[in-house]
There are 2 protein chains.
Amino acid sequence: MQPILVTFAAVPDGPWRIADVKAVTGDGLARAPALAITEGCAIQDPPASSWVLRGITSNVRYTTRSELDALSAAQEGLGRPQATRAALIPIRKSPAWWALAQEERRAIMEEQSRHIKIGMEYLPAVARRLHHCRDLLEPFDFITWFEYAPDQANAFEELVGRLRETEEWRYVEREIDVRLVRRG
Amino acid sequence: MQPILVTFAAVPDGPWRIADVKAVTGDGLARAPALAITEGCAIQDPPASSWVLRGITSNVRYTTRSELDALSAAQEGLGRPQATRAALIPIRKSPAWWALAQEERRAIMEEQSRHIKIGMEYLPAVARRLHHCRDLLEPFDFITWFEYAPDQANAFEELVGRLRETEEWRYVEREIDVRLVRRG
């Protein structure tokens, strides 16, 4: 349960081929051939990286006990053999979001936007891991990493489409959508 | 409202003289003559530091809107001329704390332990700033910095004494209490 520092680096060659990089909101990121993912304290950036993003797996910030139990029962881990498609979605929220009190953010995120509830509808097909970056003084506040099988690609599009229509997403001021395919 | 990285370094000489270093729970920290505080990205540790602790001022994690408004109305900032006494209190909580859901931590901290409510009773005499460290992979989870006038020293002892008797403090597995006096 200790936080893990995870580094996502755009590299010339790596286990995940970058299929697409789309700037959803705000400035984009450069195209690159592949993504390298390192867990643990990276002493230095991988050589020849065109960009490097860092995040920390941390304690839950909004999730209630009943939601945690439901998620734990339904979700599957990363690294499933059939999950050869992935998405790396870094997001930055606005100063107005961060100035809200805790229960105001929770109310927008879940009671209004149903963020956790929507994500649950796509379990176990879409596995995910959330990384926090704001307190690392990174350019993004969160990086979410998703993994799914090719036949779940339409379901995944529906999931991100539904989230982007929520009240919560009105506080998103920068979002990039990087899609990846695992090398066979 | 952007997070600020704050570095607390034990140094041979500095604006705050270290009067006492007490290990309240778990391993202590070495005595040192003085403390230097740096805000912003510290490229490297100050020379001759015997220890360096880092934290980030971040968004609130538990505070409600009504509590935020009451705190804003009552509290005063750091750096008041009469506030020549300070305390630096780094704390680490147990894995059991961090495994709790959001509303379970909030219930222990406030509904059971009255952490925010107790702190409010000592406003504006005791000014404070909270720094988060867990996601920086530091040895502590939080560092709180307190400033008060010499004639508020007894009130401050009462404040920390009351907090240490709460249910929340049963999750504290390491705590150091460093007391400081501002050089004239």
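Buried means under 20% relative accessible area, exposed over 50% and partly exposed in between, with a 1.4 Å probe and protein chains only. This is a predicted model, in which local features need pLDDT of at least 70 and side-chain atom pairs count only at pLDDT 80 or more, while totals for chains, interfaces and linings use all residues. Residues are numbered from 1 along each chain as its sequence is written, chains are lettered from A and ligands numbered from 1 in written order, and side-chain values use heavy atoms, without hydrogens or water.

**Stop 1**

Select K93(A). Its relative accessibility is 7%, so K93(A) counts as buried. Helices (H or I, at least four residues) and strands (E, at least two) are DSSP runs, numbered from the N terminus.

**Stop 2: a salt-bridge network**

Stay in chain A. Select E157(A), R164(A), E175(A), D177(A) and R179(A): salt bridges link them in a network. Zoom in on R164(A) and E175(A), whose closest N and O atoms are 2.9 Å apart. R164(A) lies in helix α5 and E175(A) in strand β8, so this pair ties together parts that are 11 residues apart in sequence. R164(A) is partly exposed at 23% relative accessibility. E175(A) is buried at 1%.

Now switch to chain B. R179(B) forms a salt bridge with D177(B), with the closest N and O atoms 2.6 Å apart. Both residues are buried. Over all chains, the count comes to 34 salt bridges.

**Stop 3: R182(B)**

Select R182(B), in strand β8 (residues 172-182) of chain B. Is R182(B) buried or partly exposed? It is partly exposed, with a relative accessible area of 25%. Show its contacts (heavy atoms within 4.5 Å). Beyond neighbours within four places in sequence, they include P15(B), W16(B) and G79(B). Next, show two backbone oxygens. That of P81(B) lies 2.7 Å from a polar atom of the R182(B) side chain. For R80(B), the distance is 3.5 Å. Finally, pick R85(B): its C-alpha atom is 6.3 Å from that of R182(B), although 97 residues separate the two along the chain.

**Stop 4: the interface**

Show both chains. There are 27 residues of chain B in contact with 27 residues of chain A. The area buried between the chains is about 2400 Å², and carbon and sulfur atoms give 51% of it. (Buried area is the accessible area, 1.4 Å probe, that two parts lose on being put together, summed over both.) Highlight R134(B), D135(B) and L137(B): they supply 24% of the area that chain B buries against chain A, more than any other three residues.

Across this interface there are 4 salt bridges. One to select is R65(A) with E104(B), at 2.9 Å, N to O. Then colour α1 (65-74) and α3 (102-112) of chain B; each supplies at least two residues of the side that touches chain A. α3(B) gives the most, with 4 residues.

**Stop 5: the two copies**

The RMSD is 0.0 Å, by a turn of 180° and a shift of 0.0 Å along the axis. The copies are thus related as by a two-fold rotation axis. Of the interface residues of chain B, 100% are also interface residues in chain A, so the copies meet through the same surface.

Methods: Least-squares fit on C-alpha atoms with pLDDT ≥ 70 in both. Salt bridge = Lys/Arg side-chain N within 4 Å of Asp/Glu carboxyl O. Polar contact = N/O pair within 3.5 Å; in protein donor to acceptor, adjacent residues only side chain to side chain.
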